[in-house]
Structures are given as structure tokens and as C-alpha cells.
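Subject: Structure handover

Hello,

Here is the structure you asked for, with the sequence alongside. Please open it first and keep it on screen while you read the notes below.

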Amino acid sequence: MYSELAYTRKGSGEPLVLIHGIGHRRQAWDPVFEQLAESYDVIAVDLAGFGESAAYSEGVGYNMPNAVDNLTDNFAAWGVEKPHVVGNSLGGALALELGARGAVSSVTALSPAGFFGVVNRVQTFVLLILLRISSKLPDRVLKFVSQQAWGRKLAGSTLYTHPERFTADEVYGDALSLKRATGFERTILSGARYSFKLQVPVPTTIAWGTRDLILPYSSSAIAQERMPDAQHVALPHCGHVPMIDDPELIVRVIKNTVDSAVASESERAA
């Protein structure tokens, strides 16, 4: 199975792949993309059925093995081998799955899925479904709401601490992307019982927004228990998609992980 994924690529150096969450698109990384491209060969990707990437063919399951297989196939098509990966939410879980498979050189997971308690699993999926339902409004209504300061704050309040930092065009683009996400239902159904319980043999950082409403910060305690060898970082005053809330901090967290992995690899080679 191979499904070609849309992507944006810029920079040079160590390859660094950025993976968004459910219902989002590669533009989620815009707040940090240019700065990362000053140091790395950065590739921001749209997952299958999201953004500009086509959905999987009928009969192809939206599960972690298929998603990881497809990402590694796309890595090969892009000419990169064992890139460093950064993922948010669903993308964070995919980054950890790639790391567990040994298909990447390092993992930075921002509020990754897969570390649910009983209560916050329900909270997560209820909020995601409500976001999906709200995106089904007519385009003209979505555009009107995105043009209002109150509308941008309302639309982004479950995902970000600072939704007011987005422009009307960015909010409208995200709303349309969620509305047209052909992989949403298949992904959420597949993920309803998902838990991450594997070990990751590559340098790994798990960073969590302290004001995350989708995957609450309390989930980080589960991640720390299951993955004691990973680096665990709190992201103060950040929401579920933290790149807009504190882009400088997110860049530092990513760079620390990548640079540490590169240094360790250089020491082993010596």
C-alpha cells in the first residue's frame, strides 16, 4: 500500500519530518517551520485524508501499522532515511510508533495520543467530534466567524491558549480543512481504543501543554510511567497545539532532541 502524501519542504541539514494531528493540516507547523528550516531539511506533511492528501483507498484500514508503513514509504520517495520526526496529537502517536519501529533517528512528541485515562479518553473524543460537527456549517458561516475576533477566539479556544494570534484566512483555511477531511471518521473510529505501550529505542522527548484541553496535562503522568527513559517536558501556558502558543519554546524542545540525537550518534561512530 502506498498513498502519496502532500508536503512542504525547505532547508538543509538533518531531515526533520513534522506530522500534524487529526483534522489538522501541515500548516499547523507554520509558526515554527521557517525557524526550523534554518537548521534542518524540514518536511511538513499532510496525512492521508487530511489537508491536500487523498484518503486511503477503500478497504485500507486507518490503523497505526498502515499509517507507519505509508509514512516510511513516503520517506523513501522523498529520499530521506531515518529522519527525525516531530508529531502533535495523532502525529505524536505516529512519531512514537515510528520510533518504536526504529524507522527514525529521534522523536519529539507534542501532547501525543495514546496515553488516555478513562475520563480523559471520553473528554478527548467528545471534543474532537464537536469540532468536526462545528466544521460542517456552510462555508459562508465559517468565513464570517473567522473574520470576527470573537469567532477566531471561539473557534480555537479548545486547541490553543492564544487563538487570537491567527489571521482570519488561517482560521478559515483550518475550518475548511477539517470540514473536508475525508479521513476523519475512519481515523477516530480506529483510534477509539488506541493506547501506546511500546518502548522507543531512539532519543525521545514527550512535551505536554499545561493548558491542553483535548489531551489534558494529567495524561503526561501516564506517559512518564510508561516511558521512563524518555525526556518529559512541560510546556507552560500552552494548549493542545502548542506551536502558536510558544513557538520559541517548541523550536528549542525540537532542537534539543535532534541535536542530542546527532551528538550521540557521532559519539558512537567515533
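Asp 174 is buried, with a relative accessible area of 18%; buried means under 20% relative accessible area, exposed over 50%, and partly exposed in between, with a 1.4 Å probe and protein chains only. Before going on, note that this is a predicted model, in which local features need pLDDT of at least 70 and side-chain atom pairs count only at pLDDT 80 or more, while totals for chains, interfaces and linings use all residues. Residues are numbered from 1 along each chain as its sequence is written, and side-chain values use heavy atoms, with hydrogens and water left out.

Salt bridges

Which residue does Asp 174 meet in a salt bridge? The partner is Arg 25, and the closest N and O atoms are 2.7 Å apart. A salt bridge here is a side-chain nitrogen of Lys or Arg within 4 Å of a carboxyl oxygen of Asp or Glu. This pair links distant parts of the chain, 149 residues apart: Arg 25 is in the loop between β2 (15-19) and α1 (30-37), and Asp 174 is in helix α7 (residues 168-179). Helices (H or I, at least four residues) and strands (E, at least two) are DSSP runs, numbered from the N terminus. Arg 25 is also buried, at 16% relative accessible area.

The structure holds nine salt bridges. One of them joins the side chains of Asp 41 and Arg 9, at 2.7 Å from N to O. Asp 41 belongs to strand β3 (residues 41-45) and Arg 9 to strand β1 (residues 7-10), so this pair ties together parts that are 32 residues apart in sequence. Asp 41 is buried, with 12% relative accessible area, whereas Arg 9 is partly exposed at 35%.

Another salt bridge is made by Arg 101 and Asp 69, at 2.5 Å from N to O. Here the pair ties together helix α3 (residues 90-101), which holds Arg 101, and helix α2, which holds Asp 69; the two parts are 32 residues apart in sequence. Arg 101 is partly exposed at 43% relative accessibility, and Asp 69 is partly exposed at 30%. Finally, Arg 26, Asp 46 and Glu 52 are linked in a network of salt bridges.

Aromatic rings

Rings of Phe, Tyr and Trp (its six-membered ring) pair if their centres lie within 6.5 Å; planes under 30 degrees apart count as stacked, over 60 as edge-to-face and the rest as tilted. By this rule the count comes to seven aromatic pairs. Among them is the tilted pair of Tyr 56 and Tyr 62, with 4.5 Å from centre to centre and 45 degrees between the planes. Tyr 56 is buried at 8% relative accessible area, and Tyr 62 is buried at 11%.

Phe 75 and Trp 78 are also paired: their ring centres are 6.0 Å apart and their planes are at 50 degrees, so the pair is tilted. Because the two are three residues apart in helix α2 (residues 64-78), about one helical turn separates them. Both Phe 75 and Trp 78 are buried, and together with Tyr 7 they form one aromatic cluster.

The nonpolar core

A nonpolar core is a set of buried Ala, Val, Leu, Ile, Met, Phe, Trp, Tyr and Cys residues joined through side-chain atoms within 4.5 Å. The largest one has 79 residues, and Phe 75 is among those that touch the most other members, as are Leu 16 and Leu 98. Contact means heavy atoms within 4.5 Å. Setting aside neighbours within four places in sequence, Phe 75 is in contact with Val 17, Val 80, Pro 83, Val 85, Leu 98 and Val 104.

Tyr 172

Tyr 172 is found in helix α7 and is buried, with a relative accessible area of 18%. Leaving aside neighbours within four places in sequence, Tyr 172 is in contact with Asp 139, Leu 142, Lys 143 and Ser 146. Tyr 172 and Asp 46 are 126 residues apart in sequence and 17 Å apart in space, C-alpha to C-alpha.

Best wishes
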